[in-house]
Each structure stands twice: as structure tokens, then as C-alpha cells.
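Subject: The structure, and what I found in it

Hi there,

Here is the structure I said I would pass on.

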Protein chains: 2
Amino acid sequence: MFREKIKVLDCTIRDGGLMNNHQFDDRFVRAVYKALSEAGVDYMEIGYKNSKKLFSPDKFGKWKFCDDNDILKIIDGIESNTKISIMVDVDRVDIDDVKPAGESPVSMIRVASYVQDIDKAIFLVNHFAEKGYETTVNIMAISRALDNELNEALHQLEEECKAQVIYIVDSFGALYQETTEFLVKKFKSILKTKEVGMHAHNNQQLAFCNTIEAIIHNANFMDATIYGIGRAAGNCPLELLIGFLKNPKFDIRPILDVISNEFIPLSSQLESGYIIPYAISGMFNEHPKAAMALRQSDKKENYREFYESIVSASMD
Amino acid sequence: MFREKIKVLDCTIRDGGLMNNHQFDDRFVRAVYKALSEAGVDYMEIGYKNSKKLFSPDKFGKWKFCDDNDILKIIDGIESNTKISIMVDVDRVDIDDVKPAGESPVSMIRVASYVQDIDKAIFLVNHFAEKGYETTVNIMAISRALDNELNEALHQLEEECKAQVIYIVDSFGALYQETTEFLVKKFKSILKTKEVGMHAHNNQQLAFCNTIEAIIHNANFMDATIYGIGRAAGNCPLELLIGFLKNPKFDIRPILDVISNEFIPLSSQLESGYIIPYAISGMFNEHPKAAMALRQSDKKENYREFYESIVSASMD
């Protein structure tokens, strides 16, 4: 029943960090790493590697920078086959901060890029690949990519880029399964030598659905987060994905434990999940930042006014 | 883009009533009816018609019995094209309680039945059809139906039953979209003269996904509930379905208002949504009653123990 090539990457700390300025404390991050290791999850993405010249460590937690020493403190003493991944954004990383893979606890570097920045992404990926890392390109905001530009980017990635995996990133939680099918088939048809990945957001309760849809059409790298936390509406819940995959290498029980012990208490502080303004953002294929601002205001439950503001903005 | 034949049935009060013994007060039910009417929703299912010989009105709210007079008090003075539906369970209805359609505010009667009770369901449907009602059969627990028995039941329904619509009911929230596709295609291939409906539960965050999947394969009657409330994990959220359908006859704004004003306050009293024990029930294709009992106990967040109990039970 299961497909051995499928790899699961947990990005709880990285994507969830977008909701708390990457301020998760070491105890919590170690609990997540331990649970993922015991569950047999293939990769844990722990944060971003941003340049400290661009962002101040006074304002952001350590998982916006992912110093190797900070990662070593998390993994120390925990038995694990789970590889560590970090994400870099085009134009925000200082490549000299990245040591050769042999000197780092990091196994994989994922480069997040919009379609129009694909040349920069290819440059970064090839640089990190030279340093010995596994690499991916994660094409953000795919629901807004123009078809001709996306096609050109995919051909470039196939021909010029050393990344093993190219991800579809539904940043706005706007995809329905028909479009996911269309995109995965397109990616597979052009990217003959690479794997396809899926990173879904849950604005319309379709993150798990779109992840399954990608699996059906032969994508093999799947992102998920524990309890579905992540920016705004969050992501595909890891526990649902493991339940679906039926792969004997995974054990859901450590994930259930860490949800009981860590994520239920966390949910009173870090809002994520099915929330109407995020659903509206998804319906309109909009970035969730306006909805995130609304949720910080005293109009947080004023859905109609928010809806009208999105309608008006899209008509301007 | 839209398919005119698609009809949306809201079952907020009926399915949600399974979480509070059908105790919604008139003010709340009128607010729901008004919102659905303004939104252009085709049907509102207001409750069950159970025999008072079997259930005591002292223990249950009025929406377990749906007296015509109680319904008339709800709809009085509200301009509406939304038709009223009620549900009956096989073996729980006293058919003499049901007046001819011309004397009742009810337009549609839906008969809920397991595959093995299909003869009883056909009898009831044909009786209600004689009385002038629109009728449906809702095949519950479809994820446990044996294929040969289901095939036989569908042929009987096609040949002997006056119901206009036959529903797939994913009572346990166990379906993935591949099985939904399989079932809708099967229903469509046998039920040449009837419409197919979908009633999904949201244990694994797939109620909306499976509803879309049913639409893709030409099911035309879709159940949903406001904010997704309903038994256990709840149902397909109406607001997401309306956002997807793009049918100009629907207006999402009255639904957004009633969520802000009624359902956000309600959510602190009536638990429904993405809750791990319900997700586990869905994964194991189990009735949610054990999970519902857990949520009433002091072990409500003890997910691993619950998981082990379900695993053990399924091995006994």
C-alpha cells in the first residue's frame, strides 16, 4: 500500500516561527525533535538562515538565524535518524554564513523563491550543493504564478539547477485539488530528473487534501507540521499525513504525545487553524498578512467588514 | 463556471443538535434560518422527526421531534426561498405524525438508513412521497458498507424507490478523496434517474475536500453546516462551500455575519472541529462515540491512551 520513496519533512518550528518571531525555547524545540525522531519523520526544518546584517537578533529568536551551535544544542543526546533542514530566502541569506556540509549539523537547505527570482534561487542552490548539502527549491505563491513564466522556470530548474526536489508552495491556501493535480502533473512532466514536493497551507481546510492529491499524482516530498500549526491557518497536520501514509517506518504515537503535552498548552498562546479571515484570504488568493493584522486588532471577529475590504481591494 | 443543478442543504441545526440533545433555542434557530434565507441556501434541515413514544420531550429539545407548529414559529415573518427539510431514522419515526405536505411547512424528508435497512428506508420514502414531500435516502456509515450489499441496495433504490436524491454519508469521517471518487462514480452508474448527494464529516479535515470531490464527479446535492459545526468533528463548512461554488445565487455575507454574532460565542459551549480523538476515529473508520465520551472525561487530552484503546479494540 505505501510508496517507499515518499519523504516527510516536518516544518513546525520553521513555519510556526512565522507566528512568534521564531522565539520557541530550546526545551520546546528539543521536545519536537525527540518526537519527530521517535516517529521516524525524515526531516525536521528548524528555521531560516537569515543574514544578521538584515535582521537583528535582538528582535527575533534564534530560529530566524539557525546558527550551527544553536542546532547542536537541540540535537545533543537525542538518538535520531531525522535529518535537519533549514530554509533560506532569496536575497536574505549571507552565503558565507553557511559552512561546508561536513562541518554542519544541517543536511538539507531549501531555497524559497518566487517564480520571478528563479535565477537567484538556482545560484544559491548550486552554491549550497557544491558545499555538500541536499537542496530543494520551494516555489512560493504558486497560485499566482503565470503559466508561461512557471513553465520557463521549471525548464530552467531541470536544466541548470542541482536541487533534488522542487516544491509547489501554496502560500495563500488558495488551491483546490483540481489545480494541485494540474500543477503536479506539469511539474512531473518537465522535471524528469527531480522529485516534486508539496507544501500546503490550510486556509480552506484543504492542506491535507492537497497533500494527498499531490501524493496521488506522484509527488514524493511532503511538508507537514505537528497539529497543523504554522503561519496563519497553518499547514498539513503531520499526524493526519502519517495516518494516511500507512508506511510502517512511521509511528504516530510520539506525535500524539507531543501534541497532548506541548501543542495543546501552546494553542492558547499561538493562534493557528481554521479562522474565517484566513479562509477569506484563501478564497481570494491573497497573502494572509491583512488577516493576520485583523486578528491582532479589536475587530478580529468582524468578518463581513474584512470580506468587504478584500473585495474592494481586489477591485481597485 | 458554476453548475446550476447543484443544491446546497444546510444541516447546522440537525447535525449540530446531536451535540446538545437538540436544545437550540428559537432565537438562535431563527438567526440561522434568516442567514440561510438571505444567503440563498436551498434547504435548511432543522432536525429529526422522532416518535415521542421512543424519546421523551423532557430529555430532548424540540428539534428531535420537529412538530410543524414549532417550525412555523421559526419561519414566521422571515422572507425566504429556503425550503425546510427534516430527517427521519428508520425504526424511530411514527409515520402518522407526518401530515400531508400541503398542510406542513416541511418540503423535504430525508430518510437516514444503513445499507442493511434499505427495504425499510424505501418503504418510508415511498410513503412520504405519496404524501407529497421531496424525499432522499441518506446511506449512513458508507465507509463500512460491503461492496456487494451496496450494489444491491443501489439497484433497489433505482428500481423501487421514489427518492429524488441518494446521499453518500461519511458518518465516520473516514473517506479520502479516492474512495469518494469511487463511490460517486458507482452511485452515478447505477442511479440513472436520481441525483447523488454528499454528506461529509470532518474528522480528518477532509469534509470540504470530499464535498468538492463529489462535485467534480457530478454529485449535485451537497450538505454543509455553518462554521462546520456538527457531531464530533463536524461537517463541511458552508462558508467554504459557498466560496468554492461561485454561483451568483449565493451570498456569503449573511453567513459571515451569523458566524461572528452567533457561532463564535457558541463555540465556547459546543465543542466541534479538529480534535485529535475524532481524527483517530476517522483514521480507524470508527464511530466517534468513544471519542465523544473521552471528550466528556478528565482524560480528554490523553491521545496516546485513546489511540491504544482503539488499536486494541480493532484487534479483539
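In what order do the eight strands of chain B close into a barrel, and is the pairing parallel or antiparallel? The order is β1-β2-β3-β4-β5-β6-β7-β8, and the pairing is parallel. From one strand to the next, the twist averages 25°. Please keep in mind throughout that this is a predicted model.

Next, two of the helices that lie across strands of chain B:

- Helix α4 (residues 118-130) of chain B lies across β3 (83-89), β4 (106-113) and β5 (134-139), and runs at about 170° to β4(B).
- Helix α6 (residues 177-190) of chain B lies across β6 (165-170) and β7 (195-200), and runs at about 160° to β6(B).

Helix α6 of chain B also turns up where the two chains meet. The contact between them takes 32 residues from chain B and 32 residues from chain A. On the chain B side, α6, α7 (207-216), α8 (238-245), α9 (253-266), α10 (276-283) and α12 (303-315) each supply at least two residues. The largest share comes from α9(B), with six residues. Sorted by class, the side of chain B that touches chain A has 18 nonpolar, seven polar and seven charged residues.

How are the two copies related? Chain B superposes on chain A by a rotation of 180° with 0.0 Å of shift along the axis, at an RMSD of 0.0 Å. That is the relation of a two-fold axis. The copies meet through the same surface, because 100% of the interface residues of chain B are also interface residues in chain A.

Finally, a word on domains. The domain assignment divides chain A into domain 1 (7-266) and domain 2 (276-315). Taken over C-alpha atoms, the centres of these two domains of chain A are 26 Å apart. Where they touch, ten residues of domain 1 of chain A are in contact with eleven residues of domain 2 of chain A. The domain 1 side of that contact in chain A divides into four nonpolar, four polar and two charged residues.

Best wishes

Methods:
Residues numbered from 1 in each chain as written. Chains lettered and ligands numbered in written order. Predicted model: local features only at pLDDT ≥ 70, side-chain atom pairs only at ≥ 80, totals over all residues. Least-squares fit on C-alpha atoms with pLDDT ≥ 70 in both. Contact = placed C-beta atoms within 7 Å. Domains from an automatic or database assignment. Nonpolar A, V, L, I, M, F, W, Y, C, P; charged D, E, K, R; others polar. Pairing = 2+ DSSP bridges. Helix = DSSP H or I, 4+ residues; strand = E, 2+ residues; numbered from the N terminus. Axes fitted to C-alpha atoms, helices over the stretch in contact; angles between N-to-C directions.
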